[in-house]
Amino acid sequence: MKSKWLVLFLIWLMMLVAYFDRINLPVAASAMMASLHLSKTQWGFVLSAFTFGYALTQAPGGHLADRFGSRKLLIAAIVVWSIFTGLTGLATSLVMLIGIRVIFGVGEGLENGAQFRLIGQFFEPKEQAFASSVFFSALALGPAIGTPTATWLVANWGWPDMFLVFAMLGMVVAAVLVLFLPKDRVTSVSADKNPATDAAAKGDFAKAVRKSTSWLCAGSYFLFNVAFWGFLSWVPTYLREDRHIPLAKSGPIGALPYFAGFVGMMIAGHLGSSVMSNRRPMLVAICYLGAACGLIFALTAQSTVTCLCGLCMGGFFLYGGFGPFWAVAIDLAPPSARGLFTGSVNCCGQIGAFSSQIIIGILADRMKSFSGAILFMTGALMLSAVVLLVLQKLTPPISLMSDNG
């Protein structure tokens, strides 16, 4: 019992640092674009460089976790991405910055399959929505804490030193993982290197891929990430440029939607593990529709206060869907290839993230505002909700599923 909560805390801490390192670039966006003479279109390519590297290692990272266990992979991942977080502060050109962010994304991409594998291994199916929501609360708390921290560092120390501070923090957490993260059970595929069991695992994954539910799950996550990464990557710039909030105030104000996201995660995670445990796809669809309404409210708001209320509503529902969604994905995954399956779903999501950040940059440049970008994100959320409602009809109750799969 103690072991599973220790594991959950440690992977939560790791994800918290990951989101510190994902939000610090958007916070520094205006200063870096001015310093390096970059347009919003070029900045969109900088943002997408992370998701490109991140997508590349989703499925391989999950496969490595299935084969060799999660512990070593997670420690290696945080060391790699922390090094390249620090190197971001040394970038002097567009090409150099893109190259650094691709490898930074490769490092972070190694973690997800291994972390989902640990949740599936240590928690029972009915616990997984809540455990996933606790874990994914780092996605909201990371930006909520990291945004004002990074803003203060940029304003007082400059953006190069800001990246160095976050890199050092990552190395500290890597040391904590070395000391305290327990060894996880490795599947028979990796333990005995038996070609027969290896082939069985591959066969289980191939069967899962052929199911329409797998494609609906991956497709909904692709569409969701179009909006989520637009929200994460461009909101700080939107507040400063469209709503004219100065840097010193944008950090604390910009953190509020992420705190709302944390509350949404806890509530939706509880619902997904209790009264809506057999209606998780529907619960996620409701969250995405709520997020779309929040973004529209923010776009049409006449004042900064009402705009912020809309962004908080968007954050509440946008983040709220994470725990129940990944509980669905873990349920659909075959136990012998859980890391590979969840990594593949996440890879599809990052393709959406990669393309959306480029498109949003182009739209913001062409339209001289973020109006078109917000409508683009809203449309993706609505379409994702429709896909999830179809998935709900095809998803069996948890009680009819095999253990964790």
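Reply: A residue is called buried when its relative accessible area is under 20%, exposed when over 50%, and partly exposed in between. In this predicted model, Arg280 and Asp331 are both buried.

Me: What makes Arg280 and Asp331 a salt bridge?

Reply: The test is a side-chain nitrogen of Lys or Arg within 4 Å of a carboxyl oxygen of Asp or Glu. For Arg280 and Asp331 the closest N and O atoms are 2.9 Å apart, so the pair meets the cut-off. Arg280 belongs to helix α14 (residues 280-300) and Asp331 to helix α16 (residues 322-332), so the bridge ties together parts 51 residues apart in sequence.

Me: How many salt bridges does a search of the whole structure find?

Reply: The search finds 6. One of them joins the side chains of Arg117 and Asp66, at 3.6 Å from N to O. Because the limit is 4 Å, this pair counts too. Arg117 sits in helix α7 and Asp66 in helix α4 (residues 58-68), so parts 51 residues apart in sequence are tied together.

Me: Why are Arg117 and Asp66 called buried?

Reply: Arg117 has a relative accessible area of 2% and Asp66 has 6%. Buried means under 20%, so both values qualify.

Me: What are the labels for Glu127 and Lys4?

Reply: Glu127 has 29% relative accessibility. That value falls between 20% and 50%, so Glu127 is partly exposed. Lys4 is at 10% and counts as buried. These two residues form a salt bridge, with the closest N and O atoms 3.1 Å apart. Glu127 is in the loop between α7 and α8 (128-157), while Lys4 is in helix α1, 123 residues apart. There is also a network of salt bridges that links Arg22, Glu108 and Glu111.

Me: How do you know whether Met15 is buried or exposed?

Reply: Its relative accessible area is 1%. The cut-off for buried is under 20%, so Met15 is buried. Met15 is placed in helix α1. Leaving out residues up to four places away in sequence, Met15 touches Arg22, Glu111, Asn112, Gln115, Phe135, Ala138 and Leu139.

Me: Which residues does Asn112 contact, and where is Asn112 found?

Reply: Asn112 is part of helix α7. Apart from neighbours within four places in sequence, its contacts are Met15, Tyr54, Gln58 and Asn346. Asn112 has a relative accessible area of 2%, which is under 20%, so it is buried.

Me: Why is Gln121 called buried?

Reply: Its relative accessible area is 16%, still under 20%, so the label holds. Gln121 lies in helix α7.

Me: What describes the packing of α5 and α7?

Reply: Two packed helices are described by the angle between their axes and the distance between the axes. The axes of α5 (residues 71-88) and α7 (residues 111-122) come within 9 Å and cross at roughly 145°. The crossing is left-handed. From α5 the contact uses Leu73, Leu74, Ala77 and Trp81, and from α7 it uses Glu111, Ala114, Gln115 and Leu118.

Me: Which residues make the nonpolar surface patch?

Reply: Leu6, Phe9, Leu179 and Phe180 make a patch of about 420 Å². Two or more residues come from each of α1 (2-27) and α9 (159-180). Patch residues need over 30% relative accessible area. Leu179, in helix α9, has 63% relative accessibility; this is also over 50%, so Leu179 counts as exposed.

Me: What makes the phi of His37 stand out?

Reply: Most residues other than glycine have a negative phi. His37 is not a glycine, yet its phi is positive, near 60°. His37 lies in the loop between α2 (29-36) and α3 (40-56). At 68% relative accessible area, over the 50% limit, His37 is exposed.

Me: Where does Lys368 lie, and why is Lys368 called exposed?

Reply: Lys368 lies in the loop between α17 (338-367) and α18 (371-394). Its relative accessibility is 72%, over 50%, so the exposed label applies. Lys368 has a positive phi of about 60° and is not a glycine.

Definitions and conventions:
Residues numbered from 1 in each chain as written. Predicted model: local features only at pLDDT ≥ 70, side-chain atom pairs only at ≥ 80, totals over all residues. Heavy atoms only, no water. Patch = residues over 30% accessible without salt bridge, like charges linked within 9 Å, V, L, I, M, F, W, Y side chains within 5 Å. Areas by Shrake-Rupley, 256 points an atom, 1.4 Å probe, with all protein chains shown as cover. Helix = DSSP H or I, 4+ residues; strand = E, 2+ residues; numbered from the N terminus. Buried < 20%, exposed > 50% of the residue type's maximum accessible area, 1.4 Å probe, protein only. Axes fitted to C-alpha atoms, helices over the stretch in contact; angles between N-to-C directions. Left-handed = near helix turned anticlockwise from the far one by under 90°. Contact = heavy atoms within 4.5 Å.
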